[in-house]
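Please read these notes with the model open beside you.

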Amino acid sequence: MKEITENYEICHCKKVTYLDVERALHESKSFSQVEDAFASVQQITHCSTGCGKCHDEIMRTISEIMYP
């Protein structure tokens with residue numbers, strides 16, 4: 001897994017950070033695809049349920065965490 005040196009906010013509407021996404025992925029029971037992981041992260045953090053501008057960044061972050 002890529003080590004980050006600084007936590008940063010991805011979803012400004014819901015105040016979700018990179019580390020929040022990472023924690024949510026680890027809390028998920030299982031997933032095999034990024035889309036499934038996104039749904040799980042969204043359910044836990046409520047990211048990308050406001051304006052939706054963070055969707056692509058959340059997907060990129062999930063992919064980065066799942067496939068370092």
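1. His26 counts as exposed, at 56% relative accessibility. Here buried means under 20% relative accessible area, exposed over 50%, and partly exposed in between, with a 1.4 Å probe and protein chains only. His26 lies in helix H1. Its C-alpha atom is separated by 9.5 Å from that of Val41, 15 residues apart along the chain.

2. A word on the basis. This is a predicted model, in which local features need pLDDT of at least 70, side-chain atom pairs count only at pLDDT 80 or more, and totals for chains, interfaces and linings use all residues. Residues are numbered from 1 along each chain as its sequence is written, and side-chain values use heavy atoms, with hydrogens and water left out.

3. The chain has three helices and two strands. Their order along the sequence is β-β-α-α-α. The radius of gyration of the chain is 11 Å, close to the 11 Å that the globule rule gives for 68 residues, so the chain is as compact as a globular protein of that length. That radius is taken over C-alpha atoms, and the globule rule is 2.2 Å times the number of residues to the power 0.38. Helices (H or I, at least four residues) and strands (E, at least two) are DSSP runs, numbered from the N terminus.

4. Some totals for the chain. Along the principal axes, the C-alpha atoms fill a box of roughly 25 × 25 × 20 Å. Of the 68 residues, 38% are buried. Take the contacts between residues at least 6 apart in sequence: 56% of them join residues at least 24 apart. Contact means heavy atoms within 4.5 Å.

5. Now the helix pairs. Two packed helices are described by the angle between their axes and the distance between the axes. Axes are lines fitted to C-alpha atoms, for helices over the stretch in contact, and angles run from 0 to 180 degrees between N-to-C directions. Angles under 35 degrees count as roughly parallel, over 145 as roughly antiparallel, 65 to 115 as roughly perpendicular and the rest as oblique.

6. How do H1 and H2 cross? The axes of H1 (residues 18–27) and H2 (residues 34–45) come within 9 Å and cross at roughly 110 degrees. H1 and H2 are therefore roughly perpendicular to each other. Their crossing is right-handed. A crossing is left-handed if the near helix is turned anticlockwise from the far one by less than a right angle, and right-handed if clockwise.

7. Which residues form the contact of H1 with H2? From H1 come Asp20, Val21, Ala24, Leu25 and Glu27; from H2 come Ala37, Val41, Ile44 and Thr45. By class, this contact has six nonpolar, one polar and two charged residues. Ala, Val, Leu, Ile, Met, Phe, Trp, Tyr, Cys and Pro count as nonpolar, Asp, Glu, Lys and Arg as charged, and the others, Gly among them, as polar.

8. H1 also packs on H3 (residues 55–66), at an angle of about 55 degrees and with the axes 10 Å apart. H1 and H3 are therefore oblique to each other. This crossing is right-handed. On the H1 side are Tyr18, Val21, Glu22 and Leu25, which meet Ile58, Thr61, Ile62, Glu64 and Ile65 in H3. The contact of H1 with H3 has six nonpolar, one polar and two charged residues.

9. Thr61 deserves a look. This residue is in helix H3. Is Thr61 buried or exposed? Its relative accessibility is 0%, so Thr61 counts as buried. Beyond neighbours within four places in sequence, Thr61 is in contact with Tyr8, Ile10, Tyr18 and Val21.

10. Please check two backbone angles. Lys15 is not a glycine, yet has a positive phi of about 60 degrees. Lys15 is in the loop between strand E1 (9–11) and strand E2 (16–17), and counts as exposed at 55% relative accessibility. His46 is not a glycine either, and has a positive phi of about 70 degrees. His46 lies in the loop between H2 and H3 and is partly exposed, with a relative accessible area of 46%.

11. Last, Gly50. Gly50 is placed in the loop between H2 and H3. At 45% relative accessibility, Gly50 counts as partly exposed. Gly50 and Cys13 are 37 residues apart in sequence, but 5.7 Å apart in space, C-alpha to C-alpha. Leaving aside neighbours within four places in sequence, Gly50 is in contact with Cys13 and Lys14.
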